[in-house]
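Please keep the sequence and the 3D view at hand while reading.

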Number of protein chains: 2
Amino acid sequence: MSLHAVILAGGSGTRFWPLSRAARPKQFLALATDRALIVETWQRALPLCTPGRIWVVCGPSHVEAVRTALPALPERHLIVEQAARNTAPAIGLAAVRVLAEDPDATLIVLPSDHHIARPDAFQAALEAAARASQSGDLVTIGIRPTRPETGYGYLRRGPAREGGSFAVEAFVEKPDAATAARYLADPAYAWNAGIFVFRADALLDALERHLPEVRAGLTGDFATLPSISIDYGVMEPEAQSTRRIALVPGDFGWSDVGSFAALPEVRTLDARGNAVAGDALLVDSDDCVVLSEGGRLIAAVGVEGLCIIDAGDVVLVVPKDRAQDVRAVVDALKAQRRTDKL
Amino acid sequence: MSLHAVILAGGSGTRFWPLSRAARPKQFLALATDRALIVETWQRALPLCTPGRIWVVCGPSHVEAVRTALPALPERHLIVEQAARNTAPAIGLAAVRVLAEDPDATLIVLPSDHHIARPDAFQAALEAAARASQSGDLVTIGIRPTRPETGYGYLRRGPAREGGSFAVEAFVEKPDAATAARYLADPAYAWNAGIFVFRADALLDALERHLPEVRAGLTGDFATLPSISIDYGVMEPEAQSTRRIALVPGDFGWSDVGSFAALPEVRTLDARGNAVAGDALLVDSDDCVVLSEGGRLIAAVGVEGLCIIDAGDVVLVVPKDRAQDVRAVVDALKAQRRTDKL
């Protein structure tokens, strides 16, 4: 096997505003540890393939941030997508580039902005997936659910195959709360975490079958390609047609670190359940997330379930159960053309 | 009548930390308007007596702050108390100093850290009190209660006297909630706001009667005097003995601006009841107090009844109903010897 890791770093988003900004999206933030999420991702890839076989896909505005975060990344392995076109074109582009260097390449596709608590278990699962992919199957990692999450898509697995993988029966849309509770109790259901392993040539064949215009356009003007995810554009139709999709279970403390409210999942907590970074003094306060990047003291008295985020030039206060609504502030700032805060 | 205003600026306190610091207590903060409370107090005194008849009592560490805030204050009218000894010694000291300049002086004693919404009504009440004081009575202003407040002492008035004043039957301790509700419904009860008018010689006579050691010590070592309030040390015993205490009602939008939670009383509110100063962006938030002195943007989403205070080097977050507990943070910082934040 000739394993290459492809780290997808094209994401942007507002859920971690004001820490994340247009020039510094979530993957460049040290949310779970004192290292940026993309650096953690790089470190997790190293036991699977040497630095000379790691690749990063990102947009033009994040080239410098990637180079700074990952100085050991080979220069030619930084793949710049000229426009954000979601995962199918990004992974297709990476497959073309890696194949040109290594015709026998197997790709390990890793989002750059997740946290994984147990890297050893992660490594074992990815190695199993790599073995399963050598048949030409497209392999997805199915994360064992730990809560009745309604915010993720699910995978429903079918019969076991040789070597510890499973058939994939269906890609399942985000469930309602009752359905999510049922999925949690049923070992057939797994979270779809966007972690994939496949031979590069097998991926391009599948692209040719299901997204021929994407496959054809990878060597042309990237910006003209449609924006489409690999799940929706390749994995789901492949599961319904050739059935050459496999699932390898993963149970390695995965978190997509979806918002400030997710930080207690991935950080060490104090005795009252607070996740604290920077200079903070909490009195009689519980279950808060307090991050100070500005060097200032953040003091709180008698608060519960609150996120207090000091980004230096902006302080954000939002209850954990409203953390998804940070976007509303970003939208208001855009309307006010306060680009220095975006 | 020869009216002199005596502004008591010896107070220190922690309720407005982190805006208030050891070197800049509450009276120097612009809490209600864009002027410091002590400057507002000065402005209210001007229609009653010219700048040449205004005096300020403060401690040694606040001399510069007073000079900066009140540049028109005559140099010899800044009375420095060498130690904080509460209001009886402070007012006695002022009486001695003013009498030496004007043997016919009547003192209008004003706390420096209150807000008054209707200065015209304030002026009328103080002028009535000044007239009532010419008999030699010690006059206190009785504020008409506007809520069942359990945090203040009350005055119970007796029969009306000539000229719109009343006898004072009793000084009443802070009531419980049920008693406070009864006081609110009974026009005989008024809040004791610490605003007094008396002839300087009458005050010194009363000090001689009730606190002779204070009276004798005013020209000696101030720091050896006992710490005692004028209410407890002079007004109450005077009410019980000579009965030469009078009350003049006041209804002029008085607030002692007791904590961050009181700011909605004294500031203009937005449509959702938020009191906001500085650069702030509130989304779906109600009844908050947001003050930014640091030049940073404060953003909040989905919060209610919260105080968010940015003092530049410290950000404080505390629910309004816990605003009295800011002291706990200050105590913790003292224990950590973080004097730069105190």
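Helices, of at least four residues, and strands, of at least two, are DSSP runs numbered from the N terminus. The model described here is predicted. The points below cover symmetry, core and backbone.

**Arrangement of the chains**
- Chain A is superposed on chain B by a rotation of 180 degrees with 0.1 Å of shift along its axis, at an RMSD of 0.0 Å.
- The two copies are thus related as by a two-fold rotation axis.
- Both copies use the same surface, since 100% of the contact residues of chain A recur in chain B.

**Nonpolar core**
- The largest nonpolar core has 234 residues.
- Those with the most contacts inside this core are A:Val6, A:Ile7, A:Leu107, B:Val6, B:Ile7 and B:Leu107.
- Leaving aside residues up to four places away in sequence, B:Ile7 touches several residues, including B:Ile38, B:Trp42, B:Trp55 and B:Leu110.

**Cis peptide bonds**
- A:Trp17 and A:Pro18 are joined by a cis peptide bond, with omega about 10 degrees; A:Pro18 lies in the loop between strand S1 (2–8) and helix H1 (37–45) of chain A.
- A cis peptide bond with omega about 10 degrees also joins B:Trp17 and B:Pro18, and B:Pro18 lies in the loop between strand S1 (2–8) and helix H1 (37–45) of chain B.

**Positive phi angles**
- B:Asn86 is not a glycine, yet has a positive phi of about 70 degrees; this residue lies in the loop between strand S3 (78–80) and helix H3 (87–101) of chain B.
- B:Asn86 counts as partly exposed because it has 18 C-beta neighbours inside 10 Å.
- B:Arg243, also not a glycine, has a positive phi of about 60 degrees and, with 13 C-beta neighbours inside 10 Å, counts as partly exposed.

Methods
Residues are numbered from 1 along each chain as its sequence is written. Chains are lettered from A and ligands numbered from 1 in the order in which they are written. This is a predicted model: local features need pLDDT of at least 70, side-chain atom pairs count only at pLDDT 80 or more; totals for chains, interfaces and linings use all residues. Copies are superposed by least squares on the C-alpha atoms of residues with pLDDT of at least 70 in both. Two residues are in contact if their C-beta atoms, placed from the backbone, lie within 7 Å. A nonpolar core is a set of buried Ala, Val, Leu, Ile, Met, Phe, Trp, Tyr and Cys residues joined through C-beta atoms within 7 Å. A residue is buried if 20 or more other C-beta atoms lie within 10 Å of its own, exposed if 12 or fewer, and partly exposed in between; C-beta atoms are placed from the backbone.
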